[in-house]
Amino acid sequence: MLNLNINSSRALAVLLVFLFHLNLDLFSGGFIGVDIFFVISGYVISLSLFKLVNDNNGNNFLIKFYSKRLLRILPALIFLSIILVVLCDNILIDSHYYEFFKSIFYSNLFVSNFYFWDQFGYFGLENSFKPMLHTWSLSIEAQIYIFIPFLIYLIYKKYIKSVLILIGIFSFFSIFLANIYIDRPFVYFFPIFRIHEFFIGIII
């Protein structure tokens, strides 16, 4: 039942984003699906980490966590990259293909969110020629994964109050800064403005 609820929530998030990209007035706020997805990610990853920490008594859980994440993400990402390299070679003009190839490189390093931010954000006309644009969210997840395991470990060690204080402080600044810079493209792409969404998932 838990997996069904999670997958249903993911499906809702994807559907909202899809409808948003159809430019339907009724779903003009559909990008909230991305926020939902990040909350789900924080929830699922924290569950996985709690299990790993408990099963290994707090030892060597980081290696197992990162190896599981890479084995889950990298094969599909590399396969997609290879397929797109072949297809886009016959579709894109040289200048677009060069930029696309750079996006492949940054996507596989999990830093494509910074690359696409530097390439005029998410909503520019040129994004029609960026088939890897969707990997910006995957990069944010990977960057957040650097910090979440240490919070889970502190919870395992019973430093719950300290963790809640840290989550509260980071969430406050995340939301506060996001509202100040709401019209700036980097708010969409930088993990600091998304981290509170993952924290909501952890708390849940």
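Let me start with Tyr-153, which in this predicted model has a relative accessibility of 28% and therefore counts as partly exposed.

Turning to aromatic pairs, the structure holds 21 of them. In the pair formed by Phe-105 and Tyr-106, the ring centres are 5.3 Å apart and the planes stand at 70 degrees, so this pair is edge-to-face. Tyr-153 and Tyr-156, by contrast, form a tilted pair, with 6.4 Å from centre to centre and 35 degrees between the planes. There is also an aromatic cluster, made up of Phe-114, Trp-117, Tyr-181, Phe-186, Phe-190 and Phe-193.

Now to the charges, where the count comes to four salt bridges. Lys-51 and Asp-55 meet through their side chains at 2.8 Å, N to O, and both residues lie in helix α2, four residues apart, or about one turn; Lys-51 itself is exposed, because its relative accessibility is 54%. In helix α4, residues 94-108, Lys-102 and Glu-99 are three residues apart, and their side chains form a salt bridge at 3.5 Å, N to O.

What about Arg-194 and Glu-197: are they buried or exposed? Arg-194 is buried, with a relative accessible area of 6%, and Glu-197 is buried as well, at 8%. Their side chains meet in a salt bridge of 3.7 Å, N to O, and together with Asp-35 they are linked in a network of salt bridges. The charged end of Arg-194 also sits over the ring of Tyr-188, 4.9 Å from the ring centre.

Let me come back to helix α2, residues 32-55, whose 24 residues should span 34 Å at 1.5 Å a residue, and whose end C-alpha atoms are 35 Å apart, which agrees. Among its buried residues are Phe-38, Ile-45, Leu-49 and Val-53, and just after the helix Asn-57 takes a positive phi of about 55 degrees.

Finally, the largest nonpolar core has 43 residues, and Leu-49 and Ile-148 are among those with the most contacts inside it, as are Phe-100 and Trp-136. Apart from neighbours within four places in sequence, Ile-148 is in contact with Ile-45, Leu-49, Phe-198 and Ile-202.

Methods:
Residues are numbered from 1 along each chain as its sequence is written. This is a predicted model: local features need pLDDT of at least 70, side-chain atom pairs count only at pLDDT 80 or more; totals for chains, interfaces and linings use all residues. Side-chain values use heavy atoms; hydrogens and water are left out. A nonpolar core is a set of buried Ala, Val, Leu, Ile, Met, Phe, Trp, Tyr and Cys residues joined through side-chain atoms within 4.5 Å. Buried means under 20% relative accessible area, exposed over 50%, partly exposed in between (1.4 Å probe, protein chains only). Contact means heavy atoms within 4.5 Å. Helices (H or I, at least four residues) and strands (E, at least two) are DSSP runs, numbered from the N terminus. The expected span of a helix is 1.5 Å times one less than its number of residues. Rings of Phe, Tyr and Trp (its six-membered ring) pair if their centres lie within 6.5 Å; planes under 30 degrees apart count as stacked, over 60 as edge-to-face and the rest as tilted. A charge sits over a ring if NZ of Lys or CZ of Arg is within 6 Å of the ring centre and within 35 degrees of the ring normal.
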